[in-house]
Amino acid sequence: MSEVATFVHVRLRQRGGLPELTTVLGRFTPIVQALPPGAAVAQLGGSLRLFAAGPVELAQRIRLQALAWFGLETLLGIGQCWFVAAAPTGP
C-alpha cells in the first residue's frame, strides 16, 4: 500500500510569529517551508504513521501547540498537495 502525501498549509491570523510557527511544525515533520510573511506549508505523510493519527487530528495538534506555546492563532488547510491545502474555503 502506498503512503498518501498529506500537506498542511498554516496561516497566521496575526503579524509575526513565523519562526515560532516553523518550530511547532518542525516537531511533526522535517519537511517545512516558511511562506513569508505569515504562512507555512509542511508535508505530514510520514507523520500520520509516526503519530498514529489522521490528518485532521494532526492539524488539531498543530493548532493547539501553536496557541499554547506561542499564543499563535492559526488557520489550517489539509490536502494531498500544497496548493489544495492552501485553497481558501468558506467565506
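**Close-up views of a predicted model**

**View 1. Glu57 and Arg61 form a salt bridge.** Their side chains meet at 2.7 Å, N to O. A salt bridge here is a side-chain nitrogen of Lys or Arg within 4 Å of a carboxyl oxygen of Asp or Glu. Both residues lie in helix H3, four residues apart, about one turn of the helix. Helices (H or I, at least four residues) and strands (E, at least two) are DSSP runs, numbered from the N terminus. Arg61 is partly exposed, at 28% relative accessibility. Glu57 is also partly exposed, at 35%. Buried means under 20% relative accessible area, exposed over 50%, and partly exposed in between (1.4 Å probe, protein chains only).

This is a predicted model: local features need pLDDT of at least 70, side-chain atom pairs count only at pLDDT 80 or more, and totals for chains, interfaces and linings use all residues. Residues are numbered from 1 along each chain as its sequence is written, and side-chain values use heavy atoms, leaving out hydrogens and water.

**View 2. Arg13 and Glu73 form a salt bridge.** The distance is 4.0 Å, N to O. Arg13 sits in the loop between S1 and H1, and Glu73 in the loop between H3 and S4, so the pair ties together parts that are 60 residues apart in sequence. Arg13 is exposed, with a relative accessible area of 53%. Glu73 is partly exposed, at 43%. The structure holds two salt bridges.

**View 3. Helix H3 spans residues 55–70.** Its 16 residues reach 22 Å from first C-alpha to last, close to the 22 Å expected at 1.5 Å a residue. The expected span is 1.5 Å times one less than the number of residues. Leu58, Ala59, Ile62, Gln65 and Ala66 are the buried residues of H3. They cover an arc of only 130° around the axis, which puts them on the same side of H3. The arc is that of the directions from the helix axis to the C-beta atoms. On the other side of H3, Val56, Gln60, Leu64 and Ala68 are exposed. Gly71 follows H3, with a positive phi near 70°.

**View 4. Trp69 lies in helix H3.** Trp69 is partly exposed, with a relative accessible area of 43%. Leaving aside neighbours within four places in sequence, Trp69 is in contact with Val24 and Arg27. Contact means heavy atoms within 4.5 Å. Trp69 and Trp82 are 13 residues apart in sequence and 25 Å apart in space, C-alpha to C-alpha.
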